[in-house]
Amino acid sequence: MKTTKGKGAAKASREALKPADDRKVGKRKAAAAVADRSSKQKAKREKKAKKDPNKPKRPPSAFFVFLEEFRKTFKKENPHVTAVSAVGKAGGEKWKSMSPAEKAPYEAKAAKKKDDYGKLMNAYNKKQESAADADDEESDRSKSEVNDEDDEATGEEGEEEEEEDEAEEEEDDDD
């Protein structure tokens, strides 16, 4: 029995590594599947609601409150380190090594910011509800009522009825 060497062996091993679905599907179908996936991803992005710039930002956790202060001291002690990841790693190590008593002031600040955020969100939600109520009042009226008002404002309704009456009279005259 021969063992395959060279390109054939590499091709067989690649086939073994591919998921079963890819082996069953031809090139054209696979390309269509990729295109279908990308269109679904685009649709998901479009469905996502737009962010409201007036909505209050979420409050930072105790760790991020600590990190704000730690970042300033770390920059003073290590001016040559410019990598953000280095500051984050050093801050994380320091946070882990701190006792609960040392973390307490940061947790208190975080709790205060969380309370402030709750108040801001309540005010924001009330404002959104009042805006939604104003929109609902307008949508409660049927479309025909809205169209009738538009017709009256432009004077179109009377003209349409006159044309219909004239058409009926002509039909009656023809008989």
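The following legends describe close-up views of a predicted model.

**Figure 1. Overall helical architecture of the predicted protein.** The protein contains eight helices and zero strands. Read from the N terminus, its elements follow the order α-α-α-α-α-α-α-α. Of the 175 residues in the protein, 11% are buried. Among contacts between residues at least 6 apart in sequence, 69% join residues at least 24 apart.

**Figure 2. Packing of helix α4 with helix α5.** The two helices, α4 (residues 62–77) and α5 (residues 84–97), pack at an angle of about 120 degrees, and their axes are 10 Å apart. The crossing of α4 and α5 is right-handed.

**Figure 3. Residues at the contact of α4 with α5.** On the α4 side, the contact is made by Ala62, Phe63, Phe66, Leu67, Phe70, Arg71 and Phe74. On the α5 side, the contributing residues are Ala86, Val87, Ala90, Gly91, Gly92, Lys94 and Trp95. Classified by residue type, this contact comprises 10 nonpolar, two polar and two charged residues. Gly91 and Gly92 of α5 belong to the polar class, since Gly is counted there. Arg71 of α4 and Lys94 of α5 belong to the charged class, which includes Arg and Lys.

**Figure 4. The aromatic pair of Phe63 and Trp95.** A search of the whole structure finds eight aromatic pairs. One of them, between Phe63 and Trp95, has a centre-to-centre distance of 5.8 Å and an angle of 70 degrees between the planes. The pair is edge-to-face, because its angle of 70 degrees exceeds the cut-off of 60 degrees. Phe63 lies in α4 and Trp95 in α5, so the pair ties together parts that are 32 residues apart in sequence. Phe63 is partly exposed, at a relative accessible area of 23%, whereas Trp95 is buried, at 13% relative accessibility. The two residues fall into separate classes because the limit for buried is under 20% relative accessible area.

**Figure 5. The cluster of aromatic rings around the Phe63 and Trp95 pair.** Ring pairs link Phe63, Phe64, Phe66, Phe70, Phe74, Trp95 and Tyr106 into a cluster. Among its members, Phe63, Phe66, Phe70 and Phe74 of α4, together with Trp95 of α5, also take part in the contact between these helices.

Note on methods: Residues numbered from 1 in each chain as written. Predicted model: local features only at pLDDT ≥ 70, side-chain atom pairs only at ≥ 80, totals over all residues. Heavy atoms only, no water. Phe/Tyr/Trp six-rings, centres within 6.5 Å; stacked < 30°, edge-to-face > 60°. Helix = DSSP H or I, 4+ residues; strand = E, 2+ residues; numbered from the N terminus. Buried < 20%, exposed > 50% of the residue type's maximum accessible area, 1.4 Å probe, protein only. Axes fitted to C-alpha atoms, helices over the stretch in contact; angles between N-to-C directions. Left-handed = near helix turned anticlockwise from the far one by under 90°. Contact = heavy atoms within 4.5 Å.
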